[in-house]
Amino acid sequence: MLRAVAGSDAYANLVLPGLLAERGLSGRDAGFATELAYGTLRLRGRYDAVLAMCASRGLNEMDPGVLDALRLGAHQVLGMRVAQHAAVSETVDLVRANVGTGAASFANAVMRQVTRADAAEWDRRMAERTSDPVELLGQRLAHPAWIVRALRESLALDPGTPSGDLDAELVALLEADNAAPAVTLVARPGLVEERELGDAQDDGLLEPAGLAPTAWRLTGGSPDALGAVRSGRMGVQDEGSQLVALALAGVALRDAGEAGDGGRAGGDSGAGGGGREGDGGAADGDDVSAVGSDSTWADLCAGPGGKSALLGALLAERTDARAAAGELVRGSVLVAGEVQPHRVGLVERSVKALPRELVDVVQWDGRTVGRDRAGEFDRVLVDAPCTGLGALRRRPEARWRRTPADLRGLTLLQRELLDSAIDATRVGGVVGYVTCSPHVAETRAVVDAVTRSRSDVEVLDAAAAVNAVVGSPVAGLAGPYAQLWPHRHGTDAMFLALLRRV
Ligand SMILES: C[S@@+](CC[C@H](N)C(=O)[O-])C[C@H]1O[C@@H](n2cnc3c(N)ncnc32)[C@H](O)[C@@H]1O
């Protein structure tokens, strides 16, 4: 797997399951192989810093296969509890079998150096050689320096960051990125019975994740062992992804004719939680007659479809509730659009448990939707393509593959998509702008630039909307934007801005 990722630009999460199946590994063996592979990939920068101090030649002069084997060996010695002699001899055997005898004796010499100090001593030696504190933190905790700087800036600008704790917060975040995350599942509303979830809990397979009412942590077995996962009524989805979709679905809309607040941020978040949406539901505080239509939703960037499936389930549940209350409900629809044809297929698979007529899966360029379908939608999600710096714990190789140069094209696309989403939303409707990156350039800078350039949007309090979903104030979350963090909330670092079209 290491060779496929480094040599062929493969994605670890796509390569590994096939390799485990091919080699017949399951249970504890599969877990061990996964930790070997994912841990080595995640911590590559740390091990490279150690290997550079141990080897007689530069890393870029080494055979790439030897370098990967040494990284794997270093992870066993410094990051896992593998016996040193076993780690050394396995590494040397691997190099002898795949590269040759000369390379094996080189690997042997390097691995013996690696074993001569423990992790704390290697940290000390790194500190002796590196004066820049950001570079050093990046080496110690295996993040490229540009990412360390970006995460630090984002934490510093987040009003949810406890004052005076920036450096400790940064270390906690980098450490959380290096830990294997629990598998979190979504129980799509209206599709999974309480009894089914109760049985899975009794069998030791699931426990409530804690924040999102739909989120469950897998405590045993694999997701596919659950019938609800196989039938698409549940799915693997980070809790942060669930929270942002639920928050967008829960925020109160306004009637198209009602005057807005003139761009006021915070204050009235309009975040009402369950039971208030729609033309006929009871609303606590708001004038329901002012809510307007709430039956046409769009997911502008839907692939692979996790959030579409959750939004679709919410829309279906809400439509059924209204019909049961005697309302005349016509044609609720979620249009789930995606630009890449093969990802359109993934969206179709992900919404397979929902009523066919409820979700319209289409191929589109989200940038033109605002022009082609202006003012058509009540709620629009823009889950924009981004660097993914908020999901580093799930994508072990991503941090080494991304570069600051990626930001330029992405932020331009993000602005265009957000502008288009606002144009596609009716007056009084709401747009949710989401990224799985906390990078300031992709989050608040995009939202600030777009809202500054238009006079028809009002920034809502997205943190209050998330609190309303959870049912109590979430610690370390402060609006108007909602920035979640792995070390604080146990979720990916999802960002949510909610904008009302006025
Ligand atoms: C962050 S992912 C969305 C994840 C998805 N919402 C989910 O929860 O499964 C961004 C998606 O946007 C798609 N995309 C990129 N450019 C696009 C465009 N111009 N229009 C529509 N989709 C686009 C990408 O192919 C990718 O599938």
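Colleague: Quick one to start: does P304 count as buried, exposed or partly exposed, and why?

Modeller: In this predicted model, P304 counts as partly exposed because it has 18 C-beta neighbours inside 10 Å. A residue needs 20 or more to be buried, and 12 or fewer to be exposed.

Colleague: Where is P304 found?

Modeller: P304 sits in the loop between β5 (296-299) and α15.

Colleague: And what is P304 in contact with, leaving aside its neighbours within four places in sequence?

Modeller: With those left out, P304 is in contact with R343, L346, V347 and S350.

Colleague: Which positions does UniProt give for "binding site"?

Modeller: The unreviewed UniProt entry puts that feature at C301, A302, G303, P304, G305, G306, K307, E338, D365 and D383.

Colleague: Let's take E338, then. Which strand is that in, and is E338 buried or exposed?

Modeller: E338 lies in strand β6. E338 counts as buried, because it has 26 C-beta neighbours inside 10 Å. Leaving aside neighbours within four places in sequence, E338 is in contact with C301, A302, G303, R343, V344, V347 and Q363.

Colleague: OK, on to the ligand. How many residues surround it, and which are the closest?

Modeller: There are 19 residues around the ligand, and the closest are C301, G303, K307, G366 and D383. At least two residues of that shell come from α15 (306-324), and at least two from β6 (333-338).

Colleague: What does the shell look like by class?

Modeller: Six residues of the shell are nonpolar, seven are polar and six are charged.

Colleague: New topic: which residue does UniProt list for "active site"?

Modeller: The unreviewed UniProt entry lists C436. In the model, C436 is in the loop between β9 (425-435) and α20 (444-452).

Colleague: Is C436 buried or exposed, and why?

Modeller: Buried, because C436 has 27 C-beta neighbours inside 10 Å. Apart from neighbours within four places in sequence, C436 is in contact with C386, G388, G390, A391, D492 and M494.

Technical notes. Residues are numbered from 1 along each chain as its sequence is written. This is a predicted model: local features need pLDDT of at least 70, side-chain atom pairs count only at pLDDT 80 or more; totals for chains, interfaces and linings use all residues. A residue is near a molecule or strand if its C-beta atom, placed from the backbone, lies within 6 Å of it. Helices (H or I, at least four residues) and strands (E, at least two) are DSSP runs, numbered from the N terminus. Ala, Val, Leu, Ile, Met, Phe, Trp, Tyr, Cys and Pro count as nonpolar, Asp, Glu, Lys and Arg as charged, and the others, Gly among them, as polar. UniProt positions are given in the numbering used here, feature names are shortened, and annotations may be inferred rather than shown by experiment. Two residues are in contact if their C-beta atoms, placed from the backbone, lie within 7 Å.
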